[in-house]
Amino acid sequence: KTMLIEINGKLSKGVVAKDIILYIISKLSASGATGYFVEYAGDAIRNLSMEARMTICNMSIEMGARGGLIAPDETTFKYINGRRFAPQGETFDRLVEQWRQLNSDAGAQYDRVEKFDGTDIGPMITYGTNPGMGIKVTDRIPTVNELKDISEQTSFTKSLDYMGLEQGSAILGKSVDYVFIGSCTNARIEDLRMVASIVKGKKKPSNVEVWVVPGS
């Protein structure tokens with residue numbers, strides 16, 4: 001089955017690809033796309049770098065999808081052009097014209113369509129043991145009575161026990177023991193550069209252990 005996930009609107013400062021996909025999964029659940037192949041669209045998606053697009057497509061499996069794709073455009077062609085194993089010269093130009101035809105037709109019908117407002121997406125964090133248990137860092141952990149699916153109550157309470165967190169509590173202000181800087185969807189150099197720009201000139205507290213891992 002096919003699913004279209006469309007995200008429009010300007011993203012807030014600090015919101016990156018991982019936040020976008022964790023936001024989507026928090027809305028659909030870790031099994032919400034089971035049996036579907038997902039196409040991501042909308043201006044918030046079109047404005048992303050290729051690295052960011054790869055992160056989102058790779059994370060499709062985390063909500064049960066068979067796969068994820070984003071239509072090729074000028075960002076795609078610019079990324080490919082000139083790379084070592086890419087077609088060159090006239091061959092490249094000819095293939096680009098073919099690739100331009102790979103967009104879904106205007107008015108194409110999907111088995112399911114989900115639309116989200118990019119302005120509603122904030123920096124995300126997961127509080128439980130699956131990627132569907134996600135909230136904005138400024139939000140509070142939900143209570144068991146706020147769960148949409150009653151069948152998730154047992155796993156929800158077990159997850160909070162495992163994580164040492166309480167229902168309805170805030171995430172901000174929690175103490176940090178370990179920091180893992182990497183990316184489970186293949187680390188992107190732009191991720192590490194972003195972290196470097198944040199921590200430059202600063203030192204970590206002595207009681208916090210930090211790992212920087214270029215791939216995981």
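I198 is exposed, its relative accessible area being 52%, where exposed stands for over 50%, buried for under 20% and partly exposed for the range in between, with a 1.4 Å probe and protein chains only. I198 belongs to helix α7, residues 189-199, and together with V16, M194 and V199 it makes a nonpolar surface patch of about 320 Å². Such patches consist of residues with over 30% relative accessible area and no salt bridge, nonpolar side chains (Val, Leu, Ile, Met, Phe, Trp, Tyr) being joined within 5 Å and like charges within 9 Å; the accessible areas follow the Shrake-Rupley method with a 1.4 Å probe, and for residues only the protein chains shown count as cover.

The model is predicted, and local features need pLDDT of at least 70 while side-chain atom pairs count only at pLDDT 80 or more, although totals for chains, interfaces and linings use all residues. Residues are numbered from 1 along each chain as its sequence is written, and side-chain values use heavy atoms, with hydrogens and water left out.

The secondary structure of the protein comes to 7 helices and 8 strands, taken as DSSP runs numbered from the N terminus, with helices (H or I) of at least four residues and strands (E) of at least two. Of the 216 residues, 35% count as buried, and the accessible surface amounts to about 13400 Å², 52% of which belongs to carbon and sulfur atoms.

An open sheet is formed by 4 strands in the order β3-β2-β1-β4, with parallel pairing, two strands being paired if DSSP finds at least two bridges between them. Its edge strands, each pairing on one side only, are β3 (67-70) and β4 (112-117). From one strand to the next the twist averages 20°. Strand β1, residues 2-8, pairs with β4 over 6 bridges, and N8 stands opposite D117 in β4; β1 also pairs with β2 over 5 bridges, with T2 opposite F37 in β2.

Helix α1 (residues 17-28) packs on the sheet, where it touches β1, β2 (37-41) and β4, and its direction makes about 125° with that of β4; contact here means heavy atoms within 4.5 Å, and angles run from 0 to 180 degrees between N-to-C directions of axes fitted to C-alpha atoms, for helices over the stretch in contact. Helix α3 (residues 50-58) lies across β2 and β3 and runs at about 150° to β3. Both β2, with 4 of its 5 residues buried, and α3, with 7 of its 9 residues buried, are mostly covered. The buried residues of α3 pack against several elements, including α2 (43-46), α4 (74-80) and α7.

The structure holds 5 salt bridges, each a side-chain nitrogen of Lys or Arg within 4 Å of a carboxyl oxygen of Asp or Glu.

| Pair | N to O distance |
|---|---|
| E97 and R100 | 3.3 Å |
| E114 and R112 | 2.9 Å |
| D120 and K136 | 3.1 Å |

Because D120 lies in the loop between β4 and β5 (124-126) and K136 in strand β6 (residues 134-136), their pair ties together parts that are 16 residues apart in sequence. D120 is partly exposed at 32% relative accessible area, and K136 is partly exposed at 21%. E97 and R100 are linked with E74 in a network of salt bridges; E97 is partly exposed at 44% relative accessibility, and R100 is partly exposed at 33%.
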